[in-house]
Amino acid sequence: MRISTLKVKLAAAAAVLCLFAPSAPARPRGDERNTLKSYYTPEYLAFKKRIMGEFKNAGAGRFSEFVKYLKVARDKGGDKNQKVLALTFDACGGRHSGYNEKLIAYLRREQLPATLFVTGLWIEKNKETFAGLAKDPLFEIENHGLLHRLCSTEGKTKYGVHATRDLSDVIDEMELCARKIYGLTGRRPIFFRSATAYTDELSLKVAARLGMEVVSYDILSGDATRASAKTMSRNILKGARHGAVVIMHFNHPEWPEMEALQLAVPELRRRGYNFAKLEDFSLKP
Ligand SMILES: [Zn+2]
């Protein structure tokens with residue numbers, strides 16, 4: 001493998017970790033069990049049992065990042081020359097439960113629609129902020145998992161990130177966060193992004209059964225590798241093409257996503273791009 005290729009691969013590897021030391025040291029499973037218990041109701045446990053029964057003979061399938069692109073409104077009679085990008089931002093939680101206020105202020109100022117993937121952990125630490133974001137029609141709130149666990153039905157992980165152990169954990173991660181968001185906003189998420197954006201094929205099916213579509217990304221901004229604003233802007237401009245989904249974060253106030261967008265957005269607009277929330281488009285593999 002050429003050094004440059006290796007560098008790109010390493011950058012990609014670290015890029016969706018939501019920081020270099022994502023969840024290490026490992027979260028004590030006992031604490032996790034106690035948190036989960038507070039969400040378990042008899043109705044939920046019966047629901048989970050039913051879903052588990054439906055998938056009991058299913059294999060995990062491929063473990064990967066399942067990239068999706070916006071399927072633009074051509075088939076809905078939209079403008080054939082339309083060029084659209086989706087800006088998406090994760091808020092991972094745990095030790096990384098900050099809030100990049102100036103980034104959000106910039107999105108508002110520029111009227112840039114964005115999709116925000118939040119975890120239950122981040123919501124707990126940012127209740128008021130979360131309520132404000134959820135009320136703003138510029139933003140779409142989606143599901144990044146209750147405890148920011150990578151969703152694998154057989155306990156696989158990537159980059160050492162804290163992962164689910166089995167199907168039961170995967171359902172908890174997806175469904176309990178969806179219910180939490182619904183309880184607070186009245187809108188149930190329709191997209192799910194696993195921690196690191198890796199997941200297995202069975203998790204895709206489980207998400208679909210729960211009414212959510214798994215989405216990863218196809219332009220890695222590089223924020224989680226601590227790229228400079230200039231590098232991030234270059235990554236976005238280089239990857240920009242109609243229907244692309246850009247991944248960034250909004251839980252690290254010290255990261256320069258706003259500065260990167262200040263560089264990239266005027267150029268994207270000059271090239272004729274518009275910006276959209278995921279909910280306004282269907283996705284294609
Ligand atoms: Zn994350």
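Modeller: Gladly! Helices (H or I, at least four residues) and strands (E, at least two) are DSSP runs, numbered from the N terminus. The expected span of a helix is 1.5 Å times one less than its number of residues. Helix α3 (residues 42-54) has 13 residues and runs 19 Å from its first C-alpha to its last, close to the expected 18 Å.

Biologist: How many residues of α3 are buried?

Modeller: A residue is buried if 20 or more other C-beta atoms lie within 10 Å of its own, exposed if 12 or fewer, and partly exposed in between, with C-beta atoms placed from the backbone. For α3 the count of buried residues is 0, so to speak a hardly covered helix.

Biologist: What should I know about the model itself?

Modeller: This is a predicted model, where local features need pLDDT of at least 70 and side-chain atom pairs count only at pLDDT 80 or more, while totals for chains, interfaces and linings use all residues. Residues are numbered from 1 along each chain as its sequence is written. The predictor's confidence in each residue is its pLDDT, from 0 to 100. The protein averages 89, and 86% of the residues score at least 70.

Biologist: Where does pLDDT stay under 50?

Modeller: One such stretch is residues 1-11, and another is residues 19-25. Two residues are in contact if their C-beta atoms, placed from the backbone, lie within 7 Å. Beyond four places in sequence, the model has 3 contacts for residues 1-11 and 11 for residues 19-25. Where pLDDT is low, predicted coordinates should not be read in detail.

Biologist: And the overall picture?

Modeller: The protein has 10 helices and 12 strands. Of its 285 residues, 43% count as buried.

Biologist: Which residues of helix α8 are buried?

Modeller: In α8 (residues 201-209), they are Leu202, Ser203, Leu204, Val206 and Ala207. Their cover includes α7 (167-185), β6 (191-192), β7 (198-200) and β8 (213-214). After α8 comes Gly211, with a positive phi near 85°.

Biologist: How do I read two helices that pack together?

Modeller: Axes are lines fitted to C-alpha atoms, for helices over the stretch in contact, and angles run from 0 to 180 degrees between N-to-C directions. Angles under 35 degrees count as roughly parallel, over 145 as roughly antiparallel, 65 to 115 as roughly perpendicular and the rest as oblique. The axes of α9 (residues 229-239) and α10 (residues 257-270) come within 8 Å and cross at roughly 40°. That makes α9 oblique to α10. Among the α9 residues meeting α10 are Met232 and Ile236.

Biologist: At what angle do α4 and α10 pack?

Modeller: Helix α4 (residues 101-109) and α10 pack at about 30°, with axes 8 Å apart. This angle makes α4 roughly parallel to α10. Lys102, Leu103 and Tyr106 of α4 make the contact with Glu257, Met258 and Leu261 of α10.

Biologist: Which residues does Phe66 touch?

Modeller: Phe66 lies in the loop between β1 (63-65) and β2 (69-71). Not counting residues up to four places away in sequence, Phe66 touches Thr199, Leu204, Val214 and Ser216. Phe66 and Val214 are 148 residues apart in sequence, yet 7.6 Å apart in space, C-alpha to C-alpha. Phe66 counts as partly exposed because it has 18 C-beta neighbours inside 10 Å.

Biologist: Is Gln111 buried or exposed?

Modeller: Gln111 is exposed, as 8 other C-beta atoms lie within 10 Å. Although not a glycine, Gln111 has a positive phi of about 55°.
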